[in-house]
Amino acid sequence: MVHMSSEEETSRTSSSPSSPSSSSSLPTLHFIGKKEDIVRARRVTKLVNGCREVLVLYHQGQLYAMDTRCYHSGGDLQDGDIEEFNGRLCIVCPWHKYKITLAEGEGLYQAVENPTVKPLRTHWCSKGVKQRIHKVTENNGDVYVMLNDSIDPIESDIYQTEKYRTACFKVQPKVKSKKL
Ligand code: FES
């Protein structure tokens, strides 16, 4: 797991000739790092745009990006396992084991079909989108994130406030993080 500094993001974004950030009419792409470094690290966190802590994951040849803090109670998803449930890849929050689909940010759970019938039979259900997912793009070996700026609130937003992040970092310093 690697944490990249916002200073690096700023310089690489502004100097990248392929970055559309110079045009106000195009969405801003935020530089995350070199793909080879992300593939090697598997997981990278970065404070994007000075306001949003984003987790970028590399899994089975694909890159994914989402809010770092779990929508349920702020668990650090960079420490979660990736598993498949009902044919969908999910990150499993290390705190209370909630399952979040990598591609959509949906919360998945197992519903009991009829609690009076033993043995219990269950099936997978979706709680809907709970975790804000961001778009990842790659250009010439550089990986960028475009923040999902949908105005519809998503539950993981609560853990992206300055107030929460300040409190969180004070309680849980990122001792394991390092720069590339
Ligand atoms: S904080 Fe993620 S499952 Fe509770």
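Start by selecting Cys90. Cys90 is buried, at 0% relative accessibility. Buried here means under 20% relative accessible area, exposed means over 50%, and partly exposed lies in between, using a 1.4 Å probe and protein chains only. Now select Cys51, which counts as partly exposed at 35% relative accessibility. How many disulfides are there? The count comes to zero, with a disulfide taken as a pair of cysteine sulfur atoms within 2.5 Å.

A word on what you are viewing. This is a predicted model, in which local features need pLDDT of at least 70 and side-chain atom pairs count only at pLDDT 80 or more, while totals for chains, interfaces and linings use all residues. Residues are numbered from 1 along each chain as its sequence is written, and side-chain values use heavy atoms, leaving out hydrogens and water.

**The cores**

Select Leu57, Met66, Leu77, Ile91 and Leu102. These residues have the most contacts inside the largest nonpolar core, which has 14 residues. Such a core is a set of buried Ala, Val, Leu, Ile, Met, Phe, Trp, Tyr and Cys residues joined through side-chain atoms within 4.5 Å. Strands β4 (52-59), β5 (62-67) and β7 (88-92) each give two or more residues to this core. Helices (H or I, at least four residues) and strands (E, at least two) are DSSP runs, numbered from the N terminus.

Next, show a second, separate core of 13 residues; Val48, Val56, Leu63 and Ala65 are among them.

Go back to Leu57. Leaving aside residues up to four places away in sequence, Leu57 touches several others, including Arg42, Tyr64, Ile82 and Ile91. Contact means heavy atoms within 4.5 Å.

**The salt bridges**

The whole structure holds 11 salt bridges. Each needs a side-chain nitrogen of Lys or Arg within 4 Å of a carboxyl oxygen of Asp or Glu.

Select Lys34 and Asp142. Their side chains meet in a salt bridge at 2.7 Å, N to O. Lys34 lies in strand β2 (residues 30-34) and Asp142 in strand β12 (residues 142-146), so the pair ties together parts 108 residues apart in sequence. Is each end buried or exposed? Lys34 is partly exposed at 27%, and Asp142 is buried at 13%.

Move to Glu138 and Lys35. The closest N and O atoms of this salt bridge are 3.3 Å apart. Glu138 sits in strand β11 (residues 133-139) and Lys35 in helix α2 (residues 35-41). Glu138 is partly exposed at 44%, and Lys35 is partly exposed at 24%.

Now pick Asp67 and Arg52, a salt bridge with its closest N and O atoms 2.8 Å apart. Both Asp67 and Arg52 are buried.

**The rings**

There are four aromatic pairs. Rings of Phe, Tyr and Trp (its six-membered ring) pair if their centres lie within 6.5 Å; planes under 30 degrees apart are stacked, over 60 edge-to-face, and the rest tilted. Select Tyr71 and Tyr98. This pair is tilted, 5.8 Å centre to centre with 50° between the planes. Tyr71 is in the loop between β5 and β6 (81-85), and Tyr98 is in the loop between β7 and β8 (99-101).

Finish with Lys127. Lys127 lies over the face of Tyr98, 3.9 Å from the ring centre. A charge sits over a ring if NZ of Lys or CZ of Arg is within 6 Å of the ring centre and within 35 degrees of the ring normal.
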